[in-house]
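Hi everyone, thanks for coming.

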Amino acid sequence: MISSNRRLVRAASIAVLVCASLRAHTQTAVPSTVQLADGWALQSSASTHASGDVLSTSSYQPQGWTPVHVPATVVAALVKANIFPDPTIAMNLRKLPGVDYPIGVNFATLPMPASSPFAVSWWYRTPFDIAAPTSGRHVQLHFDGINYRANIWLNGQRIADTSSVAGSWRSYSFDITTLLSPDGHNALAVEVFAPTEKDLAFTFADWNPMPPDKDMGIFRKVFLTFSGPVTLSNPSIASQLNSPTSDRAQLSITAQATNTTAEPLQGTLRGTLGDVSFEQPVTLAPGETRDIDFEARDYPQLILNHPHLWWPAQMGEPYLYPLHLQFEVAGVVSDATDTRVGIRQITSEITSPTRRLFRINGKPLLIRGGGWSTDFLFREDSQRLNAELSYVQDMGLNTLRLEGRPETQDFYQQTDRRGILVMAGWSCCDFWEQWPKWTPEDYTIAADSLRAQMYRLRSHPSLLVWLNGSDNPPPPQQEQVYLGIEQQLHWPNPTLSSATAKLATGNAQNGVRMTGPYDFIAPSYWLADTQENQPGHKCDLGGCGGAHGFNTETSAGPAIPPIESLRTMLGPDHLWPIDDTWKFHAGGGVFHELDNYTHALDARFGPASSVDDYAQKSQAMAYESTRAMYESFSRNKYEATGVIQWMLNNSWPSLIWHLYDYYLRPGGGYFGAKLAMQPLHPLYSPTDRSIWVVSSQYTDAPHLRLQANLYNLDMTPKFSRSVTLSAAADTTQRLFTLPSPRGLSSVYFLKLVLTDSHGKVLGSNFYWLSTSPDTIDWSKSNWYVTPSSSSADYTALAHLPSVHLDLTQTTHQSGDQTITHITLRNSGNSLAFGIRLKLDKGPHGDEVLPALWEDNYISLLPHERRDLTVTCATASLGSAQPVVEAQGWNTN
């Protein structure tokens, strides 16, 4: 029985031979790509004494090796094979061999223990069958990511060693044409070494713990490509739009060509972009690799009038053109690429030391995003990726920030198609920013890593900016190296020196700040901090974290997930009270304690009596604080130019920093963010009690009406006002100041409804407010938190009278999706507060995840009715029928 790799490659080989036989008649050969994913086996070098020249022979028969699907890190493979327990549950990770480092410490900065099974190298091995290529055909072997060093052997010969294969973020290609076995049976063996604390690898900083192998292994795809003597790769496009109309584009198209032979070659590079064609003759020296450019000044057909532009989803259609390139030698296609590209131009301008405004196609854009984290074992899951990016779109976020962990091609292709912008760049908190300790090899690895990422990313229209540093800018000499590479490789977008307000090379302003906070703060914080370096507000360089300028990472801290996730994450023995298992699933460093958050929750909502009570109150607190952050930056645009919620998601089950949890279960923070992203959004400003309408859409909205109503806890009306207005595209406007009527209860409520001229609801908002204000103690600010000396008091919410909800639902299918329509009505005379809706697989069944809710965690006035929808993949239901359940703070 042959392996999957042998079957796949044999099929590809037949295709190549067939194409070669047809070449005399068609004058073309079809290039192909084959993934080497299945059929691999994994073993520690401590358990096999064979060397690479033996392991990479087809006659070698591995015994006791672990089957592995590549890509997979070593620990990921051992977990999948059930050799290790699921490390995400409770304290299981601490049970894995090699996890001896202290809880809360960044393992990436520590030496690997000598006793660790990952202190030695591990072997990956796979056989594959491929017939010897015909004359003039070449086979390339590609590795998209190896962590950290490797020796690579093919058919008994070492084709690369640890001096040339070193660096997590480099990619590698080898011409293996002459190394292939004449009998078609081949074997590949890769010996991988884990990164040390002095390597340019990756870290999860204080987000979550690291696995004991430091994610060593082949963590990105391995594949073969087939071509003629010249290969093509890394196509890209850059656009220069006329101002201010952006109705004319001058294009630059680039591709990398490599002569794989020892002879000079002449050929022609031809291309089409949609229905536009272009070509140029090319001469390549022996073994030469270089970029071939098509510039609009030389190819006037690359000047397009009224092109379809690529836009972020909130601004328009993310239109993609098909770009085809092929290199011909003597009239025969040697290699070809097909990709989809966007015509767009991203620029930025600095209007104050911490205020960088991005523009796309000439239009200003308020960045409202989240920090993205990959799985902590680097496991790739296309369905999960699709679900997570659907959540990003559903919330209305326009940007994701990657810190030090560049993503897969699937990720970038999806962000291109979906119109989601990406901030990419290097990492903090490990050897990447310890420049004084770098060796000459490290400088080489850093430069080669940047080249690899520039080539991978430059073709993607979703890329917004590249950061050459994170918490610190590189030293001037290294920054010049980075900038030189970016210029040489035609990086089409802005670059930042770091994510902070620290000056770049030449004392240049960076235009952003990274001033936190990262722990719980009062919702009024964002508007109370009004300017950079505000007197009395000292958090970090660039000031505090309020809604001004561009804050590249900030949040209101811990994000306690719903109760179902807590049960899965913590296990039944550690649910309540909060113990060390909770702390292990919090953050590292100062974030391994939940004390500040819990103190605030107790003060605002009353001490939690159980884990269920704690989880429920946490959803309300997350909703309130996350909504306030995004609302404040939206209200203040373009004095505020960007905010990145730290974070969007988690690498493993976590109690901090997310808008949806590791199990893809959205909580209060998700729906607070989604509400704040409404294209037409009415909001309340707590610092001055003003009412605003924010338009985040790019069309005018005339003839609107805003209705504002205040209610006491017992639903007694206390104030009502209606205002007519028109909202111009991408604007904000202040409407009026909310009065403070006499006789307000300690907790009272504000409902805002924005309608069009036909009464259709375009935006709404519901606030719970307190007569006891939050008092922020700026004198005790630090880099991660600004505490309050007194808090809003919402404890009366616990005494709301019980009400009954009437719920009806209907379901239908649309393609591969199931859509459930829900009508929810509060039949009581009191408020129904904090209603959480769940979609289950049948009555009392498991929750359906992922699911896209039109709205959730809602409150209903007496006798109020809401019509909502929820959408899920039909396959996720299995044979069950969807059933919706609703539970609020005071519902029965």
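**Starting with a helix pair**

Let's begin where two helices meet: Q619, A622, Y623, T626, R627, Y630, E631 and S634 on the α13 side touch G668, G669, F671, G672, A673, L675 and A676 on the α14 side. Sorted by class, that contact of α13 with α14 has seven nonpolar, six polar and two charged residues. Before I go on, please keep in mind that this is a predicted model.

So how do we describe a pair like that? Two packed helices are described by the angle between their axes and the distance between the axes. Here, α13 covers residues 611–635 and α14 covers residues 668–676, and their axes come within 7 Å and cross at roughly 30°. An angle under 35 degrees counts as roughly parallel, so that's what we call α13 and α14. As for the hand, α13 passes α14 in a right-handed crossing.

Helix α10, residues 563–570, packs on α13 at an angle of about 125°, with the axes 9 Å apart. That angle makes α10 oblique to α13. The crossing of α10 and α13 is right-handed. Which residues make the contact? On α10 they are I563, L566 and R567, and on α13 they are V611, D612 and A615. By class, we have four nonpolar, no polar and two charged residues where α10 meets α13.

One more thing about α13: this helix lies across β25 (367–372), β30 and β31 (640–645), and runs at about 165° to β31.

**Over to the sheets**

Those strands belong to an open sheet of seven strands with parallel pairing, and the order is β29-β28-β27-β26-β25-β31-β30. Which strands stand at the edges? They're β29 (495–496) and β30 (549–554); each has a single partner strand, so one side of each is left without a neighbour in the sheet. At the β29 end, strand β28 (residues 463–467) is joined to β29 by two bridges, running parallel. If you want to find that spot on screen, look for W466, which stands opposite T495 in β29.

For contrast, here's an antiparallel one: an open sheet of four strands, in the order β41-β42-β46-β44. Its edges are β41 (805–814) and β44 (852–853), and each of these has a single partner strand, so one side of each has no neighbour in the sheet. β41 pairs with β42, residues 817–826, over ten antiparallel bridges. There you'll see T810 opposite H821 in β42.

Strand β16 (residues 265–273) and strand β17 (residues 276–284) run antiparallel and are joined by nine bridges. L273 has V276 in β17 as its bridge partner. Two residues sit between the strands of this hairpin, and G274 takes a positive phi near 60°. β16 also pairs with strand β20, residues 321–329, in the antiparallel sense over six bridges. In that pairing, G271 has L325 in β20 as its bridge partner.

**Last stop: disulfides**

How many disulfides does the structure hold? Two. One of them joins C428 to C429, with an S to S distance of 2.1 Å. The angle about the S-S bond is -75°, and the link of C428 and C429 is left-handed.

How values were computed
Residues are numbered from 1 along each chain as its sequence is written. This is a predicted model: local features need pLDDT of at least 70, side-chain atom pairs count only at pLDDT 80 or more; totals for chains, interfaces and linings use all residues. Side-chain values use heavy atoms; hydrogens and water are left out. Two strands pair if DSSP finds at least two bridges between them. Axes are lines fitted to C-alpha atoms, for helices over the stretch in contact, and angles run from 0 to 180 degrees between N-to-C directions. Angles under 35 degrees count as roughly parallel, over 145 as roughly antiparallel, 65 to 115 as roughly perpendicular and the rest as oblique. A crossing is left-handed if the near helix is turned anticlockwise from the far one by less than a right angle, and right-handed if clockwise. Contact means heavy atoms within 4.5 Å. Ala, Val, Leu, Ile, Met, Phe, Trp, Tyr, Cys and Pro count as nonpolar, Asp, Glu, Lys and Arg as charged, and the others, Gly among them, as polar. A disulfide is a pair of cysteine sulfur atoms within 2.5 Å.
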